[in-house]
Amino acid sequence: MAYVTKSDRMLIGGELVHSSSGEFDQCINPANEEVIGRSPRGTKEDVARAIAGAQAAWPAWAATTPSERGARMRAFGQALKARAEEILHVEVADTGNTVTPMRGDVGMAVESLDYYAGLIHELKGETIPATPDNLHITLREPYGVVARIAPFNHPLMFAVARTAAALAAGNAVIVKPPETSPLSALVLGEIAREALPPGVFNIVTGTGATVGDAIVRHPEIKRIAFIGSPGTGRAIQRAAAEVAVKHVTLELGGKNPLIAFPDTDPDVIAAAALRGMNFTWQGQSCGSTSRLLLHEDIHDAVLERVVERVAKLRLGDPADPATDMGPVNSRMQHEKVLAFFESGRSDGARLMTGGRRPSGSLFQKGFWVEPTVYADVRPGMRLWQDEVFGPILSVGRWKTVEEAIELANSTEYGLTGAVWTNDIRNALNVARRVRSGHMWINGVSNHFLGVPFGGMKNSGVGREEGIEEMFSYTEAKTINIMLN
Ligand code: NAD
């Protein structure tokens, strides 16, 4: 296969450049392991240049009026929209995610730019009546240069939607795309170069160990926002703390429960379980409800329907709109999921469907695994405790509401959760007592712009997607005007 894009440059200080090392990494299509592009292998020097460019750019960006800044952000969104089909093509080939739902990612990026562009006027401070004769006020000031480190499941969307708040607050940003799916960011660099002032938006590709670490340890970057795995999140907190006092927010993994009560319809729960698992991203979604906790009265009926539906999912070319599930993102992801199949076997979970690499000539190459359901999964098992970030649904059962809540809370994670029942008291009781940052009642999966998203426990710190996210890219300054 030929390259899916000619774009192969980073965006540093307003210039499209190769790495200072002159080296590239090959980009692989996870569906067939063919080389589909190349991305610059960024260096510590590239990071330093990007930060110097951003340092020079942010004061003028922060000094624009809310209307001017908002207009630039909206124009950036429109420019993205103009190349949406090209980005979609690149993203599907580079991630393995299926084309139909992936179509929404550019839309979400544009919508987020519009949303935060409209919020800029809300960067207000306060007046505090601390003394009767003087004036005590606060202002919100941008950090200056901030960083966004992104994972592989929605590379373009995270690079844009999760930097919009920082831009709105008047910061210049450095984006570090995921190393296994960096290509859409290289297209994005070309668009950002035209749409935004030089140095306001920078993209440095490369490995986490080199580029990511150099960003985290750079003394000029006080605000770091990370989306990725818990292990990397903790390494970032550690590395940042070794250098300086920094504001680090973390959006990490989940092992999210879907709790179904006996007053629900087994067909409805089965459909929700599939949607909640996000098989369409091969389960590679932080918010996936990967633990299905069924009341014993409906357990067998729901399980039977879930297994039937999962077994019918169509695997195939992610670019074909008829495909339900593509390959997982990388060789490493593939090995991880295969190891979970092994642990399911050795822990004694009951394999209901899937559990191996699919057969057939289409799946000989590439990072394919079958969508999988295990029943009788219990708290002592890895399939209960560990985030797979792959297409494995673990099913457990409960008798009393207390037991359901205890089971839901019995992992180190607390990102999302869902409760399904028509009894409002049960619904609210469970939603309030499950220690997760984002709960759905009779829903799954959806994010809503303006509604905060983020994790409790080891699923993270900080909330994104609402106005709090914009405020998190500012520092409060207090001024006391002494009149007496
Ligand atoms: P990862 O932690 O391996 O990598 C994420 C990013 O961090 C990549 O860009 C990587 O290059 C970089 N990185 C790696 N080591 C680094 C270091 N030492 N210093 C700085 N940067 C470093 O995660 P992944 O495998 O790409 O993504 C999967 C994980 O992301 C899952 O755990 C998933 O739950 C999580 N995730 C969370 C959310 C959320 O909103 N909570 C959303 C999507 C994904």
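H299 touches L294, R350, V395, G396 and R397, leaving aside residues up to four places away in sequence. In this predicted model, H299 sits in helix 11, residues 296–311.

**H299 and its surroundings**
- H299 has a relative accessibility of 1% and therefore counts as buried, the cut-off being under 20%.
- Among the residues touched by H299 are V395, G396 and R397; strand 15 of the sheet spans 392–398.
- R350 is another of the contacts of H299, and strand 13 covers 350–353.
- A375 lies 76 residues from H299 in sequence, yet the C-alpha atoms of the two are 9.9 Å apart in space.

**The open sheet**
- An open sheet is built from 7 strands, ordered 13-14-15-12-11-17-18, with mixed pairing.
- Its edges are strand 13 and strand 18, each of which pairs on one side only.
- From one strand to the next, the twist averages 20°.
- In general, strands of a sheet pair through backbone hydrogen bonds, in either the parallel or the antiparallel sense.

**Strand 17 and its neighbours**
- On one pairing, strand 17 joins strand 11 (residues 257–260) in the parallel sense through 3 bridges.
- Within that pairing, A418 is the bridge partner of L258.
- Strand 17 also runs parallel to strand 18 (residues 438–441), and 4 bridges join the two.
- In strand 18, W440 is the bridge partner of A418, and H438 stands opposite T416.
- Between strand 17 and strand 18 the chain passes through helix 15 (residues 424–433), making a right-handed β-α-β crossover.

**Helices on the sheet**
- Helix 15 lies across strand 11, strand 17 and strand 18, and its direction is at about 170° to strand 18.
- Helix 12 (residues 331–347) packs on the sheet, where it touches strand 14 (372–375) and strand 15.
- The direction of helix 12 makes about 25° with that of strand 14.

**The protein overall**
- The protein contains 16 helices and 21 strands.
- Its radius of gyration is 23 Å, which agrees with the value near 23 Å that a compact globule of 484 residues would have.
- Along the principal axes, the C-alpha atoms fill a box of roughly 70 × 65 × 40 Å.
- Buried residues make up 56% of the 484.
- Of the contacts between residues at least 6 apart in sequence, 74% join residues at least 24 apart.
- The accessible surface is about 19,100 Å², and carbon and sulfur atoms account for 53% of it.

How values were computed:
Residues are numbered from 1 along each chain as its sequence is written. This is a predicted model: local features need pLDDT of at least 70, side-chain atom pairs count only at pLDDT 80 or more; totals for chains, interfaces and linings use all residues. Side-chain values use heavy atoms; hydrogens and water are left out. Two strands pair if DSSP finds at least two bridges between them. A crossover is right-handed if, with the strands pointing away from the viewer, the path from the first strand over the helix to the second runs clockwise. The radius of gyration is taken over C-alpha atoms; the globule rule is 2.2 Å times the number of residues to the power 0.38. Buried means under 20% relative accessible area, exposed over 50%, partly exposed in between (1.4 Å probe, protein chains only). Contact means heavy atoms within 4.5 Å. Accessible areas come from the Shrake-Rupley method with a 1.4 Å probe; for residues, only the protein chains shown count as cover. Axes are lines fitted to C-alpha atoms, for helices over the stretch in contact, and angles run from 0 to 180 degrees between N-to-C directions.
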